[in-house]
Amino acid sequence: MPTVEFGGKSFTVDEDGFIDDYTNWSEEWVQYVKKEEGIDELNEEHKKVVSVLREYYEKNGIAPMVRVLSKVTGFKLKHIYELFPSGPGKGACKMAGLPKPTGCV
Amino acid sequence: MAKHATPLLDQLESGPWPSFVSDLKQEAASRAKNPNNVEFQVNQDCVEDILGVLELSYKHGRTHWKHGGIVGVFGYGGGVIGRYCDQPEMFPGVAHFHTMRINQPGGKYYTTEFLKKLCDLWEFRGSGVTNMHGSTGDIIFIGTSTPQLEEIFYELTHNFNQDLGGSGSNLRTPSDCVGSSRCEYACYDTQAICYALTQEYQDELHRPAFPYKFKFKFDGCPNCCVASIARSDLSFVGTWKDDIKIDQEAVAGYVGGEFAPNAGAHSGRDWGKFDIQKEVVGLCPTGCMKYEDGKLAINNKECTRCMHCINVMPRALHIGDDRGLSMLAGAKAPILDGAQMGSLLVPFIKAEEPYDEIKEIIEAVWDWWMEEGKNRERLGELIKRQGFQKLLEATNIKPVPQHVQEPRHNPYIFWKEEEVEGGWQRDINEFRKYHQR
Ligand code: HEM
Ligand code: HEM
Ligand code: SF4
Ligand code: SF4
């Protein structure tokens, strides 16, 4: 698996740029994904989505359904795309350090 | 000289059917030669490597693609199926090999001008290999690299006025039969509604917001040429409400042998002289037809509009004039809880622009399923889990006998509390007054 260097840290990622291990997540990782995912400025709302995803994942061992993410954050899907242009899966879950979405994508 | 030896695949070049191996080799040779001096944006011998990796899979009897892949274009949550080879050193041309879904036009009618432009783009920025078309309907571009995705998307949208198709937990690309463009059985304009609803629900198509995937398909009549009843969560099947139109002269033409039955579909074999009694009247599933004194009669009240008689005598029998469609819900493949075909939800509804009544039902189904559906639960499975009754309530449709093939045979019947006199709040002491322990 390739590694990326960012902010003095090194991360092991897969071809799609997802982190290999949830526990290796750090503030530097967030900054790295921000650059990759076409996000200009990180604001409180980005952070809220990331922390909701991480809390949910820690508690349930899976990523929340889109509807649940919207409900908990209070952000409509449209707004989540404004925050994360590649969407909740490729954008937000990647930034939160969650495993890559699977299934019939 | 080919890059990889392909002894197993070479065997598939013989025989009469168009060989995909020969076609791939032709594209590989054309890329090697590059007569138009294309500045290939992905590996020039990627098609050689497709053949190579496929040959290896033939040898091993196993796939050589890694699991999954999450790539796409900004703004959308689907449309691209990421894929990476598990032997990238051996086959660098297919190390990245993403598939792009391109939303096809209604009925898949094209001009060569459009197709040539697509091909030029795909040769330049992709492998040059396609699938015309994916089972859901999309034009499929097979094989490109991550950096090319945004480039191709820009080109498609800015110069072709063309969007991506759907993938993921969303509304997938709707598709249709050719409908009234060239079929006299079409009970509504399948292409018009397919187009209108595709446009209406672009947001649902590009940004996964559903518990799982959801498909629309539009068939102009019960012959179901796009197989909506088996391959779409909401299936739209054309039908009519009034009488089948009978042209007695043309009936005589069939009986006299002037017209071939089924428009000559069985002319490859001698089935004897056309026998209207045996081949039509006697095969009608409801037995509602009569042929007496050279006249054909149909008791339309008992006709289920199965299409059989019309299919056999298309010059003599025609669909009625009071046309619309039926909506069926819940078709899906076996995973998880077994295969399903669509179940009749709306027996008859008009299919007239702007399709407000139909949209109302679609959106009611979505509201219910988006709220109640479990993660990766298809509509058909939600109907099984919560009951058809719940679907009827959600869509505000009154239960009618047409909703069932047969009534239930078990007596495990739920009642709503308000339907039962006295409700559910009962006091055991009250009961004991009349029944000792
Ligand atoms: C904890 C104890 C018991 C449990 C959990 C239990 C559970 C069940 C269940 C689930 C059924 C099927 C009901 C249905 O399909 O509607 C059943 C049927 C039946 N049980 Fe029990 N049962 C228990 C004790 C007993 C005892 C002690 C007897 C007899 C002395 C008994 C006699 C029967 C009979 C005869 C049937 C068949 C009824 C029929 O099919 O019409 N059960 N039981
Ligand atoms: C220990 C004694 C008995 C046991 C364990 C027993 C158990 C059962 C069970 C489990 C059922 C099925 C209920 C259901 O499927 O919903 C049943 C039905 C029935 N039992 Fe009993 N029973 C007993 C005694 C009796 C006696 C003494 C009578 C008559 C005097 C009787 C008459 C019936 C009748 C008529 C049904 C059918 C009810 C129906 O079809 O809805 N049972 N019994
Ligand atoms: S489904 Fe019916 S209307 Fe559509 S093409 Fe087939 S026969 Fe014609
Ligand atoms: S459409 Fe089918 S059911 Fe109706 S009259 Fe013809 S054969 Fe009979």
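Modeller: Tyr58(B) lies in helix α3 of chain B, residues 46-60; helices are DSSP runs of H or I with at least four residues, strands are E runs of at least two, and both are numbered from the N terminus. This is a predicted model: local features need pLDDT of at least 70, side-chain atom pairs count only at pLDDT 80 or more, and totals for chains, interfaces and linings use all residues. Residues are numbered from 1 along each chain as its sequence is written, chains are lettered from A and ligands numbered from 1 in the order written, and side-chain values use heavy atoms, without hydrogens and water.

Colleague: How exposed is Tyr58(B)?

Modeller: Tyr58(B) is partly exposed, with a relative accessible area of 39%; buried means under 20%, exposed over 50%, and partly exposed in between (1.4 Å probe, protein chains only).

Colleague: What about Glu363(B)?

Modeller: Glu363(B) counts as partly exposed because its relative accessibility is 35%. Helix α12 of chain B, residues 356-372, contains Glu363(B).

Colleague: Changing topic, which residues have the most contacts inside the largest nonpolar core?

Modeller: They are Phe214(B), Phe216(B), Phe236(B), Met327(B), Ile358(B) and Ile362(B), in a core of 35 residues. Such a core is a set of buried Ala, Val, Leu, Ile, Met, Phe, Trp, Tyr and Cys residues joined through side-chain atoms within 4.5 Å.

Colleague: Which element gives the largest share of this core?

Modeller: That is α12(B), with 7 residues.

Colleague: And how many helices and strands does chain B have?

Modeller: Chain B has 15 helices and 13 strands. Of its 437 residues, 46% are buried.
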